[in-house]
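This report describes one protein chain in plain terms. It begins with a single residue and then widens to the whole chain.

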Amino acid sequence: MLLDTYKANELIWLTTINGKTKNGLNAFRGDLIVKLGDFNEVANKRNPPEAAIKEAVILANDTSLLMVVGNFSNILELPEFISRFTADLAAECKPIFFIDNLTESVVVEVDGRQYTLISLPAGMIWNELLDLCYLDKHDLKGQSTEDKVVTVYNALKSYKPKFKASTLDEAIANRNSVKRQVWGAV
């Protein structure tokens, strides 16, 4: 199973959900490492990741990623994802990334694959994803946490982004310095 391979390769950073759906697919929600941190020999452990998809929502079969949605704090992390994970993406997979420092939302095509890049300096990815799919709590009621990911996947099949087309280089050049607002205990 593909997600087990990621776990064995220490690419799973935080896990909220990692299990089978009722139709046998693998649902994951959590943080997926895109670029590992260096190994700290003094502490005898790996430093935090240099790049990660935060709040990732992933649906996979045993050999490929069917849906990938998540947050990058910096658009410069996207090329690392593309080089590392493109081979694992199913032909019909059209990743959607919410990016903190993106000036405007765009659709880019890289090597024949569409990536939807949405500017989002604040917010919860799961909630934004449900809004994008026009889903609410009622649509998910009574489902397991894993099957909710399948419901989102099915809703995304008909999603047609209305953002302007751009190149990845243009999107990177038009980034800003916005950092995600983090709220602690109040």
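## A residue in helix H5

Thr151 lies in helix H5; helices here are DSSP runs of H or I with at least four residues, strands are runs of E with at least two, and both are numbered from the N terminus. The model is a predicted one, in which local features need pLDDT of at least 70 and side-chain atom pairs count only at pLDDT 80 or more, while totals for chains, interfaces and linings use all residues. Residues are numbered from 1 along each chain as its sequence is written, and side-chain values use heavy atoms, with hydrogens and water left out.

Thr151 has a relative accessible area of 18%, so it counts as buried. Buried means under 20% relative accessible area, exposed means over 50%, and partly exposed is in between, with a 1.4 Å probe and protein chains only. Not counting residues up to four places away in sequence, Thr151 touches Leu135, Asp139, Leu140 and Gln143; a contact means heavy atoms within 4.5 Å.

## The rest of helix H5

Helix H5 covers residues 145-156, and its twelve residues should span 16 Å at 1.5 Å a residue. The expected span is 1.5 Å times one less than the number of residues. The end C-alpha atoms of H5 are 17 Å apart, which agrees. Nine of the twelve residues of H5 are buried, so the helix is largely enclosed by the rest of the structure. Among these buried residues are Glu146, Asp147, Val149, Tyr153 and Leu156. An α-helix has 3.6 residues a turn, so residues three or four places apart point the same way.

Val150 is also found in H5. Its relative accessible area is 11%, so Val150 is buried. Leaving aside neighbours within four places in sequence, Val150 is in contact with Thr21, Asn23 and Leu59. Val150 and Lys22 are 128 residues apart in sequence, yet their C-alpha atoms are 9.4 Å apart in space.

## Two buried strand residues

Leu117 is found in strand S9, residues 113-119. With a relative accessible area of 0%, Leu117 is buried. Apart from residues up to four places away in sequence, Leu117 touches Ile75, Leu78, Phe97, Ile99, Leu102, Ser105, Val106, Val108 and Ala171. Pro161 is 44 residues from Leu117 in sequence, and the C-alpha atoms of the two are 9.6 Å apart.

Ile53 belongs to strand S5, residues 51-60. Ile53 is buried, with a relative accessible area of 0%. Beyond its neighbours within four places in sequence, Ile53 has contacts that include Gly30, Leu32, Val34, Val68, Phe72, Phe81 and Phe97. The C-alpha atoms of Ile53 and Phe97 are separated by 8.5 Å, although the two residues are 44 residues apart along the chain.

## Residues in loops

Most residues other than glycine have a negative phi. Glu10 has a phi near 60 degrees, a positive value in a residue other than glycine. Glu10 sits in the loop between helix H1 (2-8) and strand S1 (12-20), and its relative accessibility of 46% makes it partly exposed. Tyr134 also has a positive phi, near 60 degrees. The loop that holds Tyr134 runs between helix H3 (125-132) and helix H4 (137-140). Tyr134 has a relative accessible area of 75%, so it is exposed.

Gly123 is in the loop between S9 and H3. Gly123 is partly exposed, at a relative accessible area of 32%. Gly123 and Phe98 are 25 residues apart in sequence, with 9.6 Å between their C-alpha atoms.

## The whole chain

The chain has six helices and ten strands. A compact globule of 186 residues would have a radius of gyration near 16 Å, and the chain has 16 Å, which agrees. This radius is taken over C-alpha atoms, and the globule rule is 2.2 Å times the number of residues to the power 0.38. The C-alpha atoms fill a box of roughly 45 × 45 × 40 Å along the principal axes.

Of the 186 residues, 46% count as buried. Among contacts with a separation of 6 or more, 57% are between residues 24 or more positions apart. The chain exposes about 10,200 Å², and carbon and sulfur atoms supply 50% of that area; the areas come from the Shrake-Rupley method with a 1.4 Å probe.
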